[in-house]
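Visitor: I am new to this structure. Please show me how to read its features.

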Amino acid sequence: MPNGTHRQQPTASLSRRGALALAAGVGAAVVAADALPASAEERTWRTTGPDVPAMAHFDTVMREYMEARGISAGSLAVSRHGRIALARGYTWGDSGVATTRETDVFRLASLSKNITGTAAVLLAQRGELDLDAPVADFVDLAPLPGHTADPRLDRVTVRRALQHLGGWDRDVSGDPLWQDHAISRATGIPLPLREEDLIAHVSGYELDADPGTVHLYSNYGYLLVSRVISAVTGRSLEDFTVSDVLGPVDVARMRAGRSLSRDQEGEVRYESRYTATTVLDGSGATVPYPYGGFSMEYRLGNGGWVASAVDLVRYCTVYDTPDLAGVLTPDSVDEVMAVPETGGGATHYGLGWYVRPTAGGRNTWHFGSAPGTYTFLARSNGHTVAALFNRRGEGDGLNWGEIDSALWSAVNAVDTWPAEDLTPRYF
């Protein structure tokens, strides 16, 4: 069964370059009182979605996981061979906490990466995009005045960016998508930063490794691919994905997230112990970390979608039942999951998925993490599970990644899968 590695987004990485000597998100150590959960004594447990007695143990898994971590909102969906067997919303909170519906949307964080990979491969399938073409063929990678681009940028292809082989090492140079304040100070570009600002700034970096030689997880590479998709289609990544990837499988709730989304209908409230200095303007205001401590507006390609768990398992019919979904062909699915030129082994990274080949096929999965968000999506042996939560680990010392093994134990414990397909209820 899948056993992915939790990759928590850095919020205080230091760069070896003077321009990024200070990490973004300063102020992210102040307790935000309005974001703290209620005490356990004040909480009640609420569940929405159809009761499925044969799968009641999934409720136990989610309840134990959420209570141990003080999570107030969660969502779970399980499908088998493309048929939705379970869709649940979970709430553990006092009367002031809204009840989570099974269709409520959550920020997906890095689960967004496989959506970008799907969109890119769809374009390749149509003959509109060569995945081995340099990103620079589609995106202006000219650096800011006074800076020189690394000539190796021409060797960063779309495929390499999707497989984290672009040569950017966030442990060495920091993750520019989390360093708005440092970049603004170094460049004089006012907040809020735009995608163009980030690209022009990072294009003046020296790469940390030769493209194609080492797997270095990079959110920035996915930002570039989102720009490639826009250049090829003449549309935004959101518009193209909604119409051409999600439309054929009737997923209508999934959309681009927004930094200030706490009052949006159908979206859960994100919780964090921390505050941060806003990156949405230059006011220096202190804000709850999930609401302005980082920008959602330029990270759709790497971590900016919102969706419900049931939306995710429906979207995965693109992979689970490709002939019926009519988006990617089986050959294109194989291309998404193919072993990269380097970084293979028992587990490798495809085009937005972690992949483990097995005797019977392959397990694929991804985790996502950002302030106020923790997510998990996995596929194995015809089963797909998605679990979404409205907070992440913040110094609690707990293993948040254990949701993986807990849910797959629940899958294996189902004696008889329910005959009813819940798909028509939601799509």
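Visitor: How many bridges join strand 11 to strand 12?

Guide: Strands of a sheet pair through backbone hydrogen bonds, either parallel or antiparallel. Helices (H or I, at least four residues) and strands (E, at least two) are DSSP runs numbered from the N terminus, and two strands pair if DSSP finds at least two bridges between them. Here, seven bridges join strand 11 (residues 361-370) to strand 12 (residues 373-380), and the two run antiparallel. Gly368 stands opposite Thr375 in strand 12.

Visitor: In what order do the strands form the open sheet?

Guide: The order of the eight strands is 1-3-2-13-12-11-10-9, with antiparallel pairing. Strand 1 (44-48) and strand 9 (348-349) are at the edges with a single partner strand each, so one side of each has no neighbour in the sheet.

Visitor: What does Arg379 in strand 12 form with Asp320 in helix 11?

Guide: A salt bridge is a side-chain nitrogen of Lys or Arg within 4 Å of a carboxyl oxygen of Asp or Glu. Arg379 forms one with Asp320, their closest N and O atoms being 2.6 Å apart. The two residues lie 59 residues apart in the chain. Arg379 is buried, at 11% relative accessible area (buried means under 20%, exposed over 50%, partly exposed in between; 1.4 Å probe, protein chains only).

Visitor: Where does pLDDT stay under 50?

Guide: pLDDT is the predictor's confidence in each residue, from 0 to 100. It stays under 50 over residues 1-38, while the chain mean is 91. Where pLDDT is low, the predicted coordinates should not be read in detail.

Visitor: What should I know about the model itself?

Guide: This is a predicted model: local features need pLDDT of at least 70, side-chain atom pairs count only at pLDDT 80 or more, and totals for chains, interfaces and linings use all residues. Residues are numbered from 1 along each chain as its sequence is written, and side-chain values use heavy atoms, leaving out hydrogens and water.

Key
Contact = heavy atoms within 4.5 Å.
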